[in-house]
Amino acid sequence: MRPARRRGDAGDAPATAGLLRERGFRLYWSAESVSLVGDEINILAIPLAAVLLLDAGAAEMGWLTAAALLPSLLLSIPGGAWADRQTNRRRSMIVADLGRFAAVASVPLAYACGTLTLAHLFVTEFVVGALTVLFRVSKHHVYASVVTSERYVEGNALLSGSRSVASVAGPSTGGALVQALSAPFALLVDALTYLVSAACLRRIRAREAPPAPRGGGGLAAGLQWVTANRTPGLLLAGVSMLSLCNTFLVTLFVLYGTTELGLTAGTLGAVFAAAGLGGLAGAYAAPRVVRRIGLGPTVVTGFLWFSLPLLLVPLAEGPAPLVMTALVASQFGAGCGVTVLDISTNSYLIAVIPPTLRSRVMGVAQTANFGVRPIGAVLAGTLGTALGLQPTMWIGTASAVLSVLWVLASGVRRVRELPDNAAATPEESR
């Protein structure tokens, strides 16, 4: 017998697609979707600029990755406290988009003038990272203003689907642009997407949750809530460990692929695109997995589904077809798993966090997810120099699998339904 649908379960595909007929969500979805393709080009183009134009090694690649991620460690919690106090977080997202446009556009300008240096790339990555923190700590309020709580899984599935499409189109497009125009000029496409995102956000007319009252705990309130609630606290500990370990692979993959496996920019783009195809499969599967086994077991499944395929990367040796098969399988499987993990985890957190603490707790979550990555990047660069690239990736990928132990200890596997949320139903201004 087919079980009855629970509150928070994803609906059928037509119901999910129906969210795009709602103006507020459609504009929010468009703003994120259009910039995601540019982000994927950025992920490939800046490391390739460092390696191919400026002869960066393992240590420099580690510091370059750290520069992009350090703001998540330093600014997520204070940024979340600031966003909770604001009445218009959408405006903050627009400012972040415009700032990222200016920062990314400075790279091809410097290259055209013959003044591009590693220091310029470090500064650009840090500025973009800081503005991305501002964007992320603000967006959960805007998301909750355009999606009703019972449709969080559906909305997150659509957003993850866009992220997966971007992962397919971005790297392959980025690889082709790098080969045709050079890495810096490929970033012009990325810069323009931020302008389109800002234009979409500007058109949203939705009522956000009211600002948190003064004297509501300040910076420490989000961390206090996480430590006082065992299930989300241990879940975020698992996210932190998984993110740190996966950073080993992210930091060294381009260098490993080009120097030890002999992959071209176009081939790297094709490998990265496999992760996007996996993400599309994950976005399709996640609502159905939630409906079948429940929200908490889906979170556990996502952790394993993401981490286990990563082991194929350091295993990739031998003839070129075997290497490509292993890398594509790894990226496809991990892309599918991380999408299932993101959809289920984000839906759970947005639902369970009190609205007045939303940005502060999500600031803690961003620190757990992104803030540990600069540590992982520097550690990856250091170990990659001392031990070699392949042994370092073995350390990172094997440890990523063990992160599921935190999740099992959290008890989230016993959560079957999306928790009730006290947030108001979104209202669209007419």
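**A helical chain and its nonpolar patch**

Let's start with the fold. The protein chain has 17 helices and 0 strands. Keep in mind that this is a predicted model.

How much of the chain is buried? Of its 430 residues, 57% are buried. The accessible surface comes to about 16700 Å². Carbon and sulfur atoms account for 65% of that surface. Now the contacts. Take those between residues at least 6 apart in sequence: 89% of them join residues at least 24 apart.

Next, confidence. The mean pLDDT of the chain is 81, and 88% of the residues reach 70 or more. Where is confidence lowest, and where is it highest? The lowest is in helix 1, residues 13-18, with a mean of 53. The highest is in helix 17, residues 404-410, at 93. Over residues 1-15, pLDDT is below 50. This stretch still has 34 contacts in the model beyond near neighbours in sequence. Residues 421-430 also stay under 50. There the model has 26 contacts beyond four places in sequence. A caution: where pLDDT is low, predicted coordinates should not be read in detail.

Now look at the surface. Which residues form the nonpolar patch? They are Leu70, Leu73, Leu74, Leu75, Val123, Phe126, Val127 and Ile375. Together they have about 610 Å² of accessible area. Two elements give two or more residues each: helix 3 (58-84) and helix 5 (118-146). Helix 3 gives the largest share, 4 residues.

Phe126 lies in helix 5.

Conventions:
Residues numbered from 1 in each chain as written. Predicted model: local features only at pLDDT ≥ 70, side-chain atom pairs only at ≥ 80, totals over all residues. Heavy atoms only, no water. pLDDT = per-residue confidence, 0-100. Contact = heavy atoms within 4.5 Å. Patch = residues over 30% accessible without salt bridge, like charges linked within 9 Å, V, L, I, M, F, W, Y side chains within 5 Å. Areas by Shrake-Rupley, 256 points an atom, 1.4 Å probe, with all protein chains shown as cover. Salt bridge = Lys/Arg side-chain N within 4 Å of Asp/Glu carboxyl O. Buried < 20%, exposed > 50% of the residue type's maximum accessible area, 1.4 Å probe, protein only.
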